[in-house]
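Biologist: I would like to learn how to read sheets, packed helices and surface patches in a model of this kind. Could we take the features in turn, with the general idea ahead of the case?

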Amino acid sequence: KYLCIDTTTKVTALALAEDDHLVAEGFLHTIRNHSERLIPMLDQLLGAAAWCLNDLDLIGVVRGPGSFTGIRIGIATAQAFALVLKIPLLGVLSLEALAWAGYGRNGDIVPILDARKNEWYTARYSWNLSEEKAVCLDQPQAAKPDQWLEKLAALDRPVWFAGDAVAAAREKIRQILGDKACLLPEFESLPRGAYAARTVWEKWLEKEQGEMVVPYYIRLSEAEVTWAKRRLEREAAADGR
Amino acid sequence: MSRKCQSNETGTVKGNNNIFILGIETSCDETSAAVLLNGTELLSHIITSQIGTHQKYGGVVPEIASREHSLHWQAVVQQALDQAELAYSDLTAIAVTYGPGLVGSLLVGVSAAKAIAYALHIPLVGINHLEGHIYANFLHTPDLEFPLLALLVSGGHTHLIFFRGHGDFQVLGRTRDDAAGEALDKIARVLGLGYPGGPQIQLKAREGLATAFDFPRAMLEPGSLDFSFSGVKSSVLNTLNSARMKGQELNVADLAASFQQAIVDVLVRKTKLALKQTGVKTLLLAGGVAANESLRLALACELADMPDQVRLAVPPPLLCTDNGAMIAAAGYYRYIAGDFAPWTLNAVPGLSLA
Ligand SMILES: [Zn+2]
């Protein structure tokens with residue numbers, strides 16, 4: 001029995017699952033923030049499922065990419081549960097989990113998450129159904145939407161889009177990919193506890209043990225980027241002298 | 001199947017008479033946790049400072065601070081338990097800072113604290129960081145008698161607080177611009193003394209003459225208990241600029257000493273005024289700048305000269321800067337009062353005291 005937490009986007013997503021069966025799922029996409037709704041939602045789910053935390057054998061958490069603050073809320077919560085309950089912890093990627101939104105589709109699955117600064121966190125997967133596995137074709141990255149879509153268009157095969165950036169980018173996606181663009185309805189396309197749970201379960205079958213979970217931000221913080229840039233400039237200036 | 005789900009209310013209190021509070025503090029650049037027994041006995045106290053990480057940026061970078069808290073909170077809390085020789089299941093309640101501070105940093109502590117309390121079925125207590133600073137005094141001087149007056153001076157705050165009883169605060173005066181610690185930090189940077197500024201200025205000031213420069217002491221309108229440190233700050237900057245234009249070299253130690261003296265003078269005068277206005281007989285010093293020697297000395301001297309006997313309480317330097325022990329101390333009194341936080345507790349970056 002395990003609990004999965006995904007707070008990497010504006011959706012608070014929780015799942016209680018047993019092996020590969022989904023037992024309970026929580027989904028909230030409102031203006032309230034994760035900190036306010038996470039534990040109350042979990043409390044409701046546990047109550048409704050007649051489970052208690054002590055029943056759990058494993059905690060799964062989505063460790064990014066996504067909102068920096070959201071990533072940390074989910075991980076801190078999951079880490080605390082694992083510490084107190086003395087059970088293993090597993091971390092999975094938000095993009096990996098979203099590949100389940102396009103389960104079994106013919107074509108590539110491309111999760112796109114709003115990364116602000118006019119970029120997406122994205123990756124590219126394809127389903128290998130005989131192994132029940134999403135194969136990663138392009139590694140997780142932060143990409144400029146236009147360039148990324150052009151690249152996908154050049155592949156000339158159906159591309160299924162999922163993620164919280166889909167809603168705002170529908171037009172642009174259709175424009176660039178034409179009839180190769182496959183858009184899922186929003187309720188399938190946003191992060192879900194069920195997707196996280198399946199991803200965690202597959203990883204558990206593979207590893208059979210817990211791990212240290214650290215945030216997966218993709219990006220450095222703003223200050224680190226500026227500082228690195230300045231250092232390069234200083235070095236360039238020193239070299240030029 | 002004897003395992004039973006306990007009630008999910010936050011109010012379950014253990015039968016045991018001993019009260020073990022785990023205090024967690026992550027509001028700025030220190031990740032800290034402490035276990036406090038019965039409000040007075042500090043069983044463990046772990047503080048990891050990120051100063052080294054932020055030094056190259058010349059100040060605390062919020063996103064980096066949050067990332068550091070995320071990486072270190074588990075080890076800090078685990079060490080606090082290990083040092084106290086306790087298991088999670090021994091804890092009575094979890095106290096956590098939920099504001100004011102950096103929102104991303106606060107959320108790491110708040111999320112962790114909530115999950116720990118929820119998993120243990122024990123109460124969660126939300127603590128105002130400023131209240132925490134003031135309560136550091138109860139760890140050191142538990143026999144304090146109300147009403148109290150607190151002078152809270154740190155990098156982010158300069159407050160005079162009337163403290164009527166546990167949890168009952170009234171802010172009598174506050175800074176209208178820079179906090180005292182903030183002014184110290186900025187001038188330290190300008191003088192090339194490095195970060196964090198307060199301790200650096202204090203060090204340099206020891207070699208200098210506090211009367212070398214006459215910087216203004218802003219007292220504002222008569223009777224006001226508010227502070228303003230922007231005037232003295234720009235006066236120092238002007239002195240530096242005009243010297244630079246004339247090609248003069250100024251004595252940095254003298255500048256540091258005179259500037260520090262100007263700040264200390266204002267803090268002391270306003271504090272004496274507040275003591276007179278309220279008739280309170282005990283002064284608590286709190287916050288990072290409370291570790292400043294000149295301020296401690298000046299207050300001790302001035303209070304001794306006052307007609308009424310005023311008692312001065314000053315926490316040891318380690319309890320002046322941000323720490324989990326003070327949060328556990330404040331948490332103890334809120335726990336006793338049955339003042340528990342709901343599971344919806346959120347970080348409030350701009351949280352004020354009453
Ligand atoms: Zn502080």
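Biologist: In which sense do strand 4 and strand 5 of chain B pair, and over how many bridges?

Modeller: Please keep in mind throughout that this is a predicted model. Strands count as paired if there are at least two bridges between them. Strand 4 (residues 93-99) of chain B pairs with strand 5 of chain B in the parallel sense, over five bridges, and within this pairing Val96(B) has Gly126(B) of strand 5 as its bridge partner.

Biologist: What is the order of the strands in the open sheet that they belong to, and which strands stand at its edges?

Modeller: The order is 3-2-1-4-5 in chain B, with mixed pairing across the five strands. Strand 3 (41-49) and strand 5 (124-128) of chain B are at the edges, and because each has a single partner strand, one side of each is left without a neighbour in the sheet. From one strand to the next, the twist averages 20 degrees.

Biologist: Which helices lie across this sheet, and at what angles do they run?

Modeller: The angle compares N-to-C directions and runs from 0 to 180 degrees. Helix 2 (residues 62-84) of chain B lies across strand 1 (20-25), strand 2 (30-37) and strand 3 of chain B, and runs at about 25 degrees to strand 2. Helix 3 (residues 103-120) of chain B, which lies across strand 1, strand 4 and strand 5, runs at about 155 degrees to strand 4 of chain B.

Biologist: Where is Met212(A) found, and is it buried or exposed?

Modeller: Met212(A) sits in the loop between helix 7 (193-207) and helix 8 (222-240) of chain A, and Met212(A) is exposed because its relative accessible area is 70%. Together with Val214(A) and Leu71(B), Met212(A) forms a nonpolar surface patch, with about 310 Å² of accessible area among the three residues together.

Biologist: How does strand 6 of chain B pair with strand 7 and with strand 9?

Modeller: Strand 6 (residues 148-153) of chain B pairs in the parallel sense with strand 9 (residues 282-286) over four bridges, whereas its pairing with strand 7 of chain B is antiparallel and has six bridges. Leu149(B) illustrates both pairings, as it stands opposite Leu283(B) in strand 9 and has Phe162(B) as its bridge partner in strand 7. Strands 6 and 7 of chain B also form a hairpin, with four residues between them.

These strands belong to an open sheet of five strands in chain B, in the order 8-7-6-9-10 and with mixed pairing. Its edge strands are strand 8 (168-174) and strand 10 (311-313) of chain B, each of which pairs on one side only.

Biologist: Why is strand 6 of chain B described as largely enclosed by the rest of the structure?

Modeller: Six of the six residues of strand 6 of chain B are buried, so the strand is largely enclosed by the rest of the structure. Leu148(B), Ala150(B) and Leu152(B) point one way, while Leu149(B), Leu151(B) and Val153(B) point the other way, and all are buried. Helix 9 (residues 293-305) of chain B lies across strand 6, strand 9 and strand 10, running at about 175 degrees to strand 9 of chain B.

Key: Residues are numbered from 1 along each chain as its sequence is written. Chains are lettered from A and ligands numbered from 1 in the order in which they are written. This is a predicted model: local features need pLDDT of at least 70, side-chain atom pairs count only at pLDDT 80 or more; totals for chains, interfaces and linings use all residues. Side-chain values use heavy atoms; hydrogens and water are left out. Helices (H or I, at least four residues) and strands (E, at least two) are DSSP runs, numbered from the N terminus. Contact means heavy atoms within 4.5 Å. Patches are made of residues with over 30% relative accessible area and no salt bridge: like charges are joined within 9 Å, nonpolar side chains (Val, Leu, Ile, Met, Phe, Trp, Tyr) within 5 Å. Accessible areas come from the Shrake-Rupley method with a 1.4 Å probe; for residues, only the protein chains shown count as cover. A salt bridge is a side-chain nitrogen of Lys or Arg within 4 Å of a carboxyl oxygen of Asp or Glu. Buried means under 20% relative accessible area, exposed over 50%, partly exposed in between (1.4 Å probe, protein chains only).
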